[in-house]
Amino acid sequence: MLSKFFEAVLYLCSFLPFIFAVFGVAHYSLRNGGGRLLALPIGLCFGPVLLSLVLEFFFAGFPRRSDAFYVTVVLSIGTSLALLSLVPMRKSLVAALANYRGLFERQLGLIDLSLLLLCLGGVVLALATAFLLPLRENDPLEYASTARQLLLLKDSTQYPFVNTDVSSGYYGPWSHGLGYINLWVWNGLLGDQQMGSAGARLVSSYYVFATGLALLSVNWGSLFRGRLISALLYIGTPIIFVNAISSHIDTIRIATFFLVLCLFYCYLLEKSNSLLLLSAFLSGLALYTHSLNLLILPLIGWVWLLHERKLSFGFFARGTLFIFLALIVVVPRYMKNVEVFGSPIADFNAVQVWQVESLYFEEWLRLARRLDSWFDRLFFGVGKGLSQPDRFGLAYYVFFVALILYVRDVMRDGIGAWRRFFITNSWTGYFFQISMIFMAMVIVSWAVGLDSFIKNERYTLTIQPIVLAFSIPIVVQKLKEKHGKD
Amino acid sequence: MVRIRFAALMGRLSQSRASIFEVAVVVIFAVASVSPWVYLARSGFSKFQINSISVFDSDESKYAALRHGAAQCIQFINNFLPEDAKLLVFRQADFAYYGKRPFISFEDPKLLPLYEQATAESASQFLQGLGVTHLLVPDYAVPPLYNSSVAELLSDPKLASLVFEAQGYKVFSLGNISRARVSGLALSGEWFTSSLVRHLNPAWQVQNGDGTYMFANEGHPLSDNISLERLYAVYGMAPLDIAPSKAKSDSVLIVDTESSYFTVSGSLRLSGSASLYLALYDGAGRYLGLRHMWSGLAKNRRVTVSGASIAGAPVHSVRPVIALDGTASAEAPKIELIKWEGEGVKESDGYDPITAIAAGWDFPRADVNPVFWGRRLVGTKETVGFKQLSSHQYWMKSPVQQHSDMPNSIKFRASGRGLFTVNILFACMSVDCYGSYAAGEFFLSGGEQSVEISNIEIERLKMIETGIVDDVRGKRRVTLPEEDKSMLPNRFSGKLNVRLEFIAPVSKAFKRTKYQFVELNVSDIVIE
């Protein structure tokens, strides 16, 4: 028990060089704006993904070496990156720490302190539960098995495992990047060959913590209590909690998705080149964790267009640079996917057996996921957030209250006030735009008969932190205004 | 630095309604946020079905301790199938991670030709050509299991024989197996459905706890106590709704004392999701539990129904029932329930103690003295209306703990004169073991003339599906010698002592298991 615990701690500590590296760069890019606090969650979130990327590089370029080789080179590179990133800005690091000290140095009332403790308690509970229970859910088991095969082969060019002759019978037609899976491989390289319940089991909960911290760090103009409640409701979202304890990939996918969008808003505010480059590269890392994060690109495209209000050469140039930097991380994977599956991202079409008409897999998928009739797709698909509070918690109900309050506030300015919906000059307005664009995409896809956005309840979760970051501060602010008390 | 302005806060709370309102809002949010954790932590543990002892073990040990069909099947495969056995798995995730035998996933493109095979025979040959020796089938709908010839393969015991089953998960062995059909029951008549299901108004359709519905053959009384509660009361602890004597068995198939091999095969027109189970009954007509046979999912079309199971005493009869999920409907089922000859199929030869010891299993022992508190009975020459002789169950803190301080007798009265026949049913249930052995002595003493019956040979019986635990039940009919008839008084006051030695095979992974569940039932006493 104790050895497993220390093994898990050691595993998490191995992320530190990469966390420092990303944190340093993020802090440098965000040093002038209000988004300084975002540097830490960005470091926590993207540090391990960067580690995965480095590991894949060596698995592809230097396959079948010893465990010690990979551990040594990956940690060396991480340490070098951390030094490169942190040493030049060691002085401003003191200021960075002061930011976080300032966040909590405020006088916390009993309520705020209780909320904070509840947040931490939730994360600890998730970590402990994940640590104690065996791996059992279907998808995490598949990811873990994929990682085991990679660990055995030490050659990432064999991934995805569609040729079962090389993978001891294991069939894993995944088209996602190895961002999450390589964290399991890393666990195995560090010594837990069985990849049991030690470090890798904690990764999902770790990302819940990172997202909670991000929710505390964004929207810095709003009440601290509102941000606390956002974080608490995110951690307490039932399906998030289940995903965390069962080691699902979704918490890492959602964390990267949310933080990239937050970072991009900082870019829109400051228009600094370093923020543009960092947003683009981190978008690439987000794509590297899960194919669904490809949604980042159209979402950013729309809000960017709304913000710029005109199509100029500069916009196209920066946009092209952004897409190039984002895709450069994942293009090798997409090319491999085209070679294996015939398309950069594969889903239903990845499994040939599923295409056999006489087996009726498509019918099975629709019925099993309650997406057979248009009403089912509307109610259980588009309206998942409202029709399944046992899974999504209160978020979408609060969201609609906040939506009414927000629209009422905006429209109070009289004729022409609706134009404010298209102006990105506040976190609230930004999150509103993101939410609306996402929901419009969901509704349009439903209207044209596509199931892409609704076939999986986890897809609806994608904007869960954005929904909370938008709605809770509005409601809390309204309560404060109404009662005039802190 | 965090400073709590507790006094100021309390002061404000006492002075301001607004603050109280705000506090209420925050509390509601906090409760709403915490409740999922509490719920999920609890349901999470029950969902993962792991006891509180082994949580600090390795993942493999924890998984092996799960009371889940997949985990038990994989444990069986790892421990008892030959090293060169190769499995076709219809749920890859668990087996790929925890299994220790070569396997092929049902999604592997190599199997594309399999799904084009027209007959079960050719499907079997194709699989054997790939080196597949066994199949691992889950308890939920997987399209090839109702849309291809694989379905027929599973209901043809001459081609694929069930070797292990646990909570709907099944391990089949491929190969030519000699087995003759004993009897069959064509179930192509009209099936009755009703939503009028209440505990006091038992109808044919019952609502399961998970929202599914079940229905059974029309035209026969519900003599088997199916009700909302009883579906989960698989230990026979709840009172009977209808006396066993009213039971009719013409819609059920009778199981021999020896275990029997059952298959279902046929088709039905399905819209939605459905599963077919066998409802199990003992000799008194009491409902014992459900055995999963098949699951399917279709949109208003005909699908193949197939499945296999084994049953042995105390299961006396089985009846097919269909569980419909939500708004699903099933029409025109043409299903045949067939009993096949032979030993049935064992859980595994490995449960033989010698083999098990060789495999590194441990056998803790326990002497327990179960307790009966019987109801007052008035018997006749007919079957005594021994509806329920209450059973006693208790948990042993460890497999070797004694319970000698408990009373161990049952008193009953019966009238009439003749030969007493006592049927004793007992069950030793071990929460964390695959199965258990039981051996015991039974003493019957009555009136002034005490008759001792001992050295009863307890039959080793097949595992009975009991929902969450596995058990082995012994049944012994004891007939008093003819010469003792005269000794029996008209009014009989008897005392039943039971001493049971409990021997449970426990794997290394379960060594620290503390809780063993032991239940004993006296099912009925017949005076002839």
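**Entry 1**

I looked up how helix H7 (residues 138-153) and helix H8 (residues 181-189) of chain A meet. Their axes come within 8 Å and cross at roughly 55°. That angle makes H7(A) oblique to H8(A). I noted that the crossing of H7(A) and H8(A) is right-handed. I keep in mind that this model is predicted.

Next I asked which residues make the contact. From H7(A) I listed Tyr143(A), Ala144(A), Thr146(A), Ala147(A), Leu150(A) and Leu151(A). From H8(A) I listed Ile181(A), Trp184(A), Val185(A) and Gly188(A). I sorted the residues of this contact of H7(A) with H8(A): eight are nonpolar, two are polar and none is charged.

**Entry 2: the nonpolar core**

I turned to the largest nonpolar core, which has 238 residues. Which residues have the most contacts inside it? I found Leu38(A), Leu261(A) and Leu263(A). Helix H12 (residues 250-270) of chain A gives the largest share of this core, 14 residues. In general, nonpolar side chains tend to be buried together in soluble globular proteins.

I then checked Leu263(A), leaving out residues up to four places away in sequence. Leu263(A) touches Leu38(A), Ile42(A), Leu275(A), Leu278(A), Ser279(A) and Leu282(A).

**Entry 3: Leu120(A)**

I located Leu120(A) in helix H6 (residues 110-132) of chain A. Why is Leu120(A) partly exposed? Leu120(A) has 15 other C-beta atoms within 10 Å, and a residue counts as buried at 20 or more and exposed at 12 or fewer.

Last, I compared Leu120(A) with Leu232(A). They are 112 residues apart in sequence, and 8.8 Å apart in space from C-alpha to C-alpha.

Key
Residues numbered from 1 in each chain as written. Chains lettered and ligands numbered in written order. Predicted model: local features only at pLDDT ≥ 70, side-chain atom pairs only at ≥ 80, totals over all residues. Axes fitted to C-alpha atoms, helices over the stretch in contact; angles between N-to-C directions. Helix = DSSP H or I, 4+ residues; strand = E, 2+ residues; numbered from the N terminus. Parallel < 35°, antiparallel > 145°, perpendicular 65-115°, else oblique. Left-handed = near helix turned anticlockwise from the far one by under 90°. Contact = placed C-beta atoms within 7 Å. Nonpolar A, V, L, I, M, F, W, Y, C, P; charged D, E, K, R; others polar. Core = buried A, V, L, I, M, F, W, Y, C linked by C-beta atoms within 7 Å.
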